[in-house]
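I opened my notebook beside the model.

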Amino acid sequence: MFVGILFTFLVSFVIGVFSLLTFRSYYKINSRYASQAVNSFALFWLGMAGSWFSIACMDFFRYLGFQQVAVIGTYCLQIFIGASIVVGADFIQVVLFAGQKRKIALTVYGIWYLFFLVSLFFYKVEPQPENYFAAQILSSPATLGLFIVGSFPLWVGAVVLFVRSIKNKIKLPEPVRHSYLFMAVSLILVGLAGALDETGIVYGWMVTVMRLITLVSSIVAYTALGGLRKPDEMVIE
């Protein structure tokens with residue numbers, strides 16, 4: 001029964017693994033390429049690791065019939081997602097605006113995160129009807145609205161970074177420019193697929209498709225930091 005949910009669970013778990021590997025890759029990069037932007041990108045994927053392991057737990061425990069445990073996983077998921085958006089905002093601010101007014105941006109997103117958490121715990125989450133492929137539990141409309149407000153500027157920023165990278169507008173060493181290109185692609189994919197999944201716009205087998213796209217984004221993110229590894233490892237030229 002609900003074998004499709006187990007497949008979706010497996011996909012979510014693997015996303016969490018690649019997200020965690022992406023974060024760990026930060027400690028293997030060449031010190032010449034270490035920067036605040038790369039650090040923020042790595043921390044973003046650490047948050048994604050927490051998010052996707054939480055989603056995997058939600059899928060697994062709801063499959064077993066432990067809905068209350070799955071609900072707890074939903075709250076953990078949203079906490080990680082909110083934190084990831086804050087760190088993602090720092091990444092976009094640094095790579096696009098060279099860190100100018102960084103404290104202001106972090107303050108704005110810090111306040112946003114506070115409202116996000118208040119809405120998360122003030123309103124109830126809403127378990128959706130189970131189906132063969134997914135067992136979604138959605139946040140309240142208020143929380144989802146704040147999610148869209150916080151994440152959309154970051155998605156637009158990722159698109160801008162992608163355009164600047166392919167047009168060679170980033171005056172940095174070639175490995176860094178290539179890495180930024182992969183970073184932008186990973187954020188565009190996870191932003192699009194994650195938003196459709198988070199807001200419940202997709203349903204059934206489309207949830208699994210969105211998570212497969214997110215899996216691709218996590219692999220691309222891992223590749224992005226892999227291009228900055230030490231000379232005795234893989235380096236994108």
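My entries follow, grouped by topic.

**Ground rules**

I am working with a predicted model, in which local features need pLDDT of at least 70, side-chain atom pairs count only at pLDDT 80 or more, and totals for chains, interfaces and linings use all residues. Residues are numbered from 1 along each chain as its sequence is written, and side-chain values use heavy atoms, with hydrogens and water left out.

**Salt bridges**

I searched the whole structure and found 3 salt bridges. A salt bridge here is a side-chain nitrogen of Lys or Arg within 4 Å of a carboxyl oxygen of Asp or Glu.

I looked at Arg211 and Asp59. Their closest N and O atoms are 2.8 Å apart. Arg211 sits in helix H7 (residues 205–226) and Asp59 in helix H2, 152 residues apart, so this pair links distant parts of the chain. Helices are DSSP runs (H or I, at least four residues), numbered from the N terminus.

Is Arg211 buried or exposed? Arg211 is buried, because its relative accessible area is 5%. Asp59 is buried too, at 1%. My cut-offs are: buried under 20% relative accessible area, exposed over 50%, partly exposed in between (1.4 Å probe, protein chains only).

Arg211 also forms a salt bridge with Asp197, again with closest N and O atoms 2.8 Å apart. Asp197 lies in helix H6 and Arg211 in H7, so this pair ties together parts 14 residues apart in sequence. Asp197 is buried, as is Arg211. I noted that Asp59, Asp197 and Arg211 are linked in a network of salt bridges.

Next I checked Arg102 and Asp90, whose side chains meet in a salt bridge at 2.6 Å, N to O. Arg102 is in helix H4 and Asp90 in helix H3, so they tie together parts 12 residues apart in sequence. Arg102 counts as partly exposed because its relative accessibility is 29%. Asp90, at 6%, counts as buried.

**Helix H1**

I found Phe9 in helix H1 (residues 3–25). Phe9 counts as partly exposed, because its relative accessibility is 23%. Leaving out residues up to four places away in sequence, Phe9 touches Ala56, Asp59 and Phe60. Contact means heavy atoms within 4.5 Å.

Ser25 is also in helix H1. It is buried, at 2% relative accessibility. Beyond its neighbours within four places, Ser25 is in contact with Tyr222, Leu225 and Arg229.

**Helix H5**

How far apart are the end C-alpha atoms of H5 (residues 141–166)? They are 37 Å apart, which agrees with the 38 Å that its 26 residues should span at 1.5 Å a residue. The expected span is 1.5 Å times one less than the number of residues.

H5 bends by about 30° at Ser151, and Pro153 follows within four residues. The bend is the angle between axes fitted to the seven residues ending there and the seven starting there. Buried residues of H5 include Phe147, Ser151 and Leu161. Their cover includes H3, helix H4 (102–122) and helix H6 (174–198).

**Loop residues**

Lys101 lies in the loop between H3 and H4. Its phi is positive, near 55°. Most residues other than glycine have a negative phi. Lys101 counts as exposed because its relative accessibility is 65%.

Technical notes: Helices (H or I, at least four residues) and strands (E, at least two) are DSSP runs, numbered from the N terminus.
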